[in-house]
Amino acid sequence: MPRTVLLAEDDRAIRHALERALTLEGYRVTAVADGAEALAEAHRGRPDVLVLDVMMPGVDGLQVCRELRAEGDATPILMLTALVETADRIAGLDAGADDYVVKPFDVEEVFARLRALLRRTDRTERTDPAERAEAAADDRAAPPEEAPDDRYPQAAGLRMDPRARRAWRDGRELELTRTEFELLELLVRNAGTVLDHSTIYDRIWGYDFGPGSKNLAVYVGYLRRKLDQPGAPQLIQTVRGVGYVLRAD
């Protein structure tokens, strides 16, 4: 079955061009011109992925994203934005978006990011139903103090429960988006090992967006804001020209 995309973009030329490109790529596309229509369509029938323009009249892409996440809708969301400042991108991630593309964009990059989002969704859905039920039953449980590393990775005061998609630092639970959680889990499982940019892109997004991409730096910056504490060492450290490493010293 073709994957379904809900596209919300107020610029008619961009909307039509992207709708055509996605259709030719094999997606079944519903294209709308504003956020209110996007919310209505999302409620009418669950798409596999949403592509939302940030700046739309009335209800904008950020509001759509916040509304869906507040309803518990975990459908992956790719944001389209002409805003290039890091703070603007962080606002989209904070609203619950999974990824973003900066305008003007290459349609092949949009395709690659959509494939990566859908692969991650597929991995989550393939999780054993019994494991998902057990994770839901334990949803409010305290972080495990002693557990095998493969089930509950731990490092530098961080403890994670991948089944429930929960993480703690020194007992304080962290509120993480899907991508933030996966990036932190990768760093925790490889604590003390420097991971280069290409490896992280491949493991998290399934695609290396090249040396000019700021995507990884934005996510690392946002994770640091959630992880770091006054007077405590920075957990995610930059190895200039190489990548990132998680360590407590």
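Student: What makes Glu182 count as buried?

Tutor: Its relative accessibility is 11%. Buried means under 20% relative accessible area, exposed over 50%, partly exposed in between (1.4 Å probe, protein chains only). At 11%, Glu182 is therefore buried.

Student: What are these values based on?

Tutor: The model is predicted; local features need pLDDT of at least 70, side-chain atom pairs count only at pLDDT 80 or more, and totals for chains, interfaces and linings use all residues. Residues are numbered from 1 along each chain as its sequence is written, and side-chain values use heavy atoms, with hydrogens and water left out.

Student: Why is the pairing of Glu182 with Arg165 called a salt bridge?

Tutor: The term needs a side-chain nitrogen of Lys or Arg within 4 Å of a carboxyl oxygen of Asp or Glu. Here the closest N and O atoms are 3.4 Å apart, so the pair qualifies. Glu182 lies in helix 7 (residues 178-189) and Arg165 in the loop between strand 7 (158-161) and strand 8 (166-169), so the bridge ties together parts 17 residues apart in sequence. Helices (H or I, at least four residues) and strands (E, at least two) are DSSP runs, numbered from the N terminus.

Student: Is Arg165 buried, exposed or partly exposed?

Tutor: Partly exposed, because its relative accessible area is 33%.

Student: How do you know that Arg169 and Asp170 form a salt bridge?

Tutor: Their side chains meet at 3.8 Å, N to O. Arg169 is buried at 4% relative accessible area. Asp170 is exposed at 55%.

Student: What makes Glu180 and Lys226 a salt bridge?

Tutor: Their closest N and O atoms are 2.8 Å apart. Glu180 lies in helix 7 and Lys226 in helix 9 (residues 215-227), so the pair ties together parts 46 residues apart in sequence. Glu180 is buried, with a relative accessible area of 0%. Lys226 is buried too, at 18%.

Student: Which residues do salt bridges with shared partners join into one network?

Tutor: Glu9, Asp53 and Lys103. The whole structure holds 14 salt bridges.
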